[in-house]
Amino acid sequence: IVGGHEAPEGAWPGVVSLQVLRGGVRFMHLCGGVLLSRRAVLTAGHCVDGRTDPCSWRAVLGAHNLQKHGPYTARRRIRRIIVHSQFKRETFENDVAVFELKSAVRYSLYIQPMCLPPAGLLPALENGSDCYISGWGRTAEKGKTSSVLKEAQVGILPPSLCNSSEGYAGLVNNKALCAGAWAGGTDSCQGDSGGPLVCYHPDTDRYFLIGIASFGVGCGRPKYPGIYVRLSQYTAWI
């Protein structure tokens, strides 16, 4: 996360670290994910690119510092990985995947599923200004990843602005959301992919999951905000 700060411990109990086996000995964080149920984690399809074997992955839940797991942290191996059949690597279209855990997790203060909003709340949420991203990704475009979970407040930007000729120039379709700041400085980065974009709904006093981090041009650059999968378009698939 670029332009964020360390999240309070336990602030985002639905955030998952998806880790891949390196050199057959240790697991390294590769992508973020979102807990949907006791045994399902939603992430970005491109995270799986070329790493389709479930045995090379694990999910770490209830974590804050990835270097030292606390008493609330759960680790799970993966039973199977389902990538959207229409996922296109070149354009990041349909950039969603689900990891099925080998065994269910127990919910706690530190491990909770995220809520997908009912359809009636979508217009307000998808134009929200009180939204957050979180992850263990890079803290600068060419920087290092973070060992502690970071968060940043972002706003949803209108497609007309995001797609303007000085920005993405029509690249962003209606199955994606733009979030961050037009002036740059706050964004997801490498290692944050698959992590949540949540927006606050005052009437219900809840954060709802409306997107997952997909792609961008660089990290935190002006006129190139982060692009997120617009999950309201994938409710049936999920």
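Of the 238 residues in the protein, 52% are buried, where buried means under 20% relative accessible area, exposed over 50%, and partly exposed in between, with a 1.4 Å probe and protein chains only. Please note that this is a predicted model, in which local features need pLDDT of at least 70 and side-chain atom pairs count only at pLDDT 80 or more, while totals for chains, interfaces and linings use all residues. Residues are numbered from 1 along each chain as its sequence is written, and side-chain values use heavy atoms, with hydrogens and water left out.

I begin with the overall form. The protein has two helices and 13 strands; these are DSSP runs, H or I of at least four residues for helices and E of at least two for strands, numbered from the N terminus. The C-alpha atoms fill a box of roughly 45 × 40 × 35 Å along the principal axes. Among contacts with a separation of 6 or more, 66% join residues 24 or more positions apart, contact meaning heavy atoms within 4.5 Å.

The largest nonpolar core has 21 residues, and Trp12, Leu209, Ile212 and Leu231 have the most contacts inside it. Such a core is a set of buried Ala, Val, Leu, Ile, Met, Phe, Trp, Tyr and Cys residues joined through side-chain atoms within 4.5 Å. Two or more residues come from each of β4 (40–43) and β12 (206–215). Why does this core lie between domain 1 and domain 2? Domain 1 (15–101) and domain 2 (114–233) both give residues to it, so the core lies between them; the bounds come from an automatic or database domain assignment. Another core, of 18 residues, lies apart from it and includes Leu18, Leu35, Leu61 and Ile81.

Next, the aromatic rings. The whole structure holds nine aromatic pairs: rings of Phe, Tyr and Trp (its six-membered ring) pair if their centres lie within 6.5 Å, and planes under 30 degrees apart count as stacked, over 60 as edge-to-face and the rest as tilted. Tyrosine 72 and tyrosine 110 are stacked, at 3.8 Å centre to centre with 10° between the planes. Tyrosine 72 is in the loop between β5 (57–61) and β6 (74–83), and tyrosine 110 in the loop between β7 (97–101) and α1 (122–125), so the pair ties together parts 38 residues apart in sequence. Tyrosine 72 is partly exposed at 40%, as is tyrosine 110 at 23%.

Finally, Trp12, Tyr132, Tyr200 and Tyr207 are linked into a cluster by ring pairs.
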